[in-house]
Amino acid sequence: MRLGINLGYWGAGMDADNLAVAREADRLGYSVCWAAEAYGSDAPTVLSWVAAQTERIDIGSAIFQIPARTPTMTAMTAATLDSLSGGRFRLGLGVSGPQVSEGWYGVKFDKPLARTREYVEIVRKAMSRERVTHAGDHWTLPLPGGPGKPIKLTVHPVRERIPLYIAAIGPKNLEQTGEIADGALVVFFAPEHAEETTLGAIRAGREKIGKDLDGFDLVPSVSIAVGDDVGALADIFRPHTALYVGGMGSAKQNFYNKLAQRMGYEKAAAEIQEKYLAGDKAGAAAAVPRELIDSTTLLGPVERIADRMQAYADAGVTTLSLLPAGFTLDERIAALRAGVEAMERAGLA
């Protein structure tokens, strides 16, 4: 199992600290540094900035939002970042959610699985420097009846195949990800529930193409907080968990709420959502079970974190991307270093 670092969203007032965290992760031997985007900072700009000031660590999009770019634009960006970074880029994609897709990008959130499949097909074709043609339900290249002609990418990526990941939560998306991608970007991943929430579906997708999980990169993003008081550390993440389980989406469509239900927290998930959508964010946070937080984060002294890292490795995780918690740069760097120490204690480094 390898370690990664997830910087999340840029532009939240910690940009200089984020760069320092990325550079320290590079020095410590972390394998990849991910950056996210939604409707604030864009991931390609952040990743180019990080790549220019690091030496060995891979840079990865977690994620490029599919409604934000045409597939060929994504292929151009991926090839450019791979070239500029000396072959260190990993392409992570996701369909976002209905509020962002339709409210910010003006793209209808319909048939997300079919849209993702077509998108990946075009991106792969473009990155392989074939002349791009495609006739699908969502994209047609070139447009018929006009002056357009099949074109191939002029930029040569450093590698023959840039690794492609998909952010997936639901069973159908996870199954398709196993079928068409090189890895999966997952959140709220609990080793104890790995099979029923994640691995079973991915394995089914791999079987469709005659493959197993060997070589497939399973990448959960996991918050890490170091200290002796596990309960107090868990409380730090109550608002974050409540936001996702209760507020990310509508009452009818919240992928994270459904994930919590599949982990056995049906009653708590319903209460968190009801309170959050009613405006009672404090009540929603208080309703989050400590066990849910503890099972999906790395909390406590280094020895306890090492035990949990072993559980992640045993569950099939191949890259563990850490979100180091802390209000200061020193706290975040300390968490970053604790991650390496815990890996060594667990015998995973």
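**Close-up views of a predicted model**

View 1. F188 is buried, with a relative accessible area of 13%, where buried stands for under 20% relative accessible area, exposed for over 50%, and partly exposed for values in between (1.4 Å probe, protein chains only). This is a predicted model, in which local features need pLDDT of at least 70 and side-chain atom pairs count only at pLDDT 80 or more, while totals for chains, interfaces and linings use all residues. Residues are numbered from 1 along each chain as its sequence is written, and side-chain values use heavy atoms, with hydrogens and water left out. Most residues other than glycine have a negative phi, and most peptide bonds are trans. The phi of F188, however, is positive, near 50 degrees, and F188 sits in the loop between β9 (183-187) and α7 (194-208); helices (H or I, at least four residues) and strands (E, at least two) are DSSP runs, numbered from the N terminus. K111, which is not a glycine, also has a positive phi, of about 45 degrees, and is found in the loop between α4 (98-103) and α5 (112-127). K111 is exposed, at a relative accessible area of 56%.

**View 2. Cis peptide bonds.** The bond from A62 to I63 is cis, its omega being near 20 degrees, and I63 belongs to the loop between β3 (58-61) and β4 (64-65). Another cis peptide bond connects L141 with P142, with omega at about -15 degrees, and P142 is placed in the loop between β7 (140-141) and β8 (164-167).

**View 3. The second largest pocket.** This pocket has a volume of about 260 Å³, and among its 13 lining residues, T72, V132, K149, I151 and K152 are the closest to its centre. On a 1 Å grid over the protein atoms alone, a pocket is an open set of points where a 1.4 Å probe fits, with protein on both sides within 12 Å along at least five of seven lines, and lining residues have an atom within 4 Å of a point. Grid points are joined across faces, edges and corners, and the volume is the space filled by probe spheres set on the points. The lining comprises eight nonpolar, three polar and two charged residues, with Ala, Val, Leu, Ile, Met, Phe, Trp, Tyr, Cys and Pro counted as nonpolar, Asp, Glu, Lys and Arg as charged, and the others, Gly among them, as polar.

View 4. E24 is buried at 10% relative accessible area, whereas R27 is exposed at 53%.

**View 5. Salt bridges between helices.** D294 and R304 form a salt bridge whose closest N and O atoms are 2.7 Å apart. This pair links distant parts of the chain, with D294 in helix α13 (residues 290-295) and R304 in helix α14 (residues 302-314), ten residues apart. D294 counts as buried at 17% relative accessibility, and R304 as partly exposed at 26%. The side chains of E303 and R345 also meet in a salt bridge, at 3.6 Å from N to O. Because E303 lies in helix α14 and R345 in helix α15 (residues 329-345), this pair ties together parts that are 42 residues apart in sequence.

Conventions
A salt bridge is a side-chain nitrogen of Lys or Arg within 4 Å of a carboxyl oxygen of Asp or Glu.
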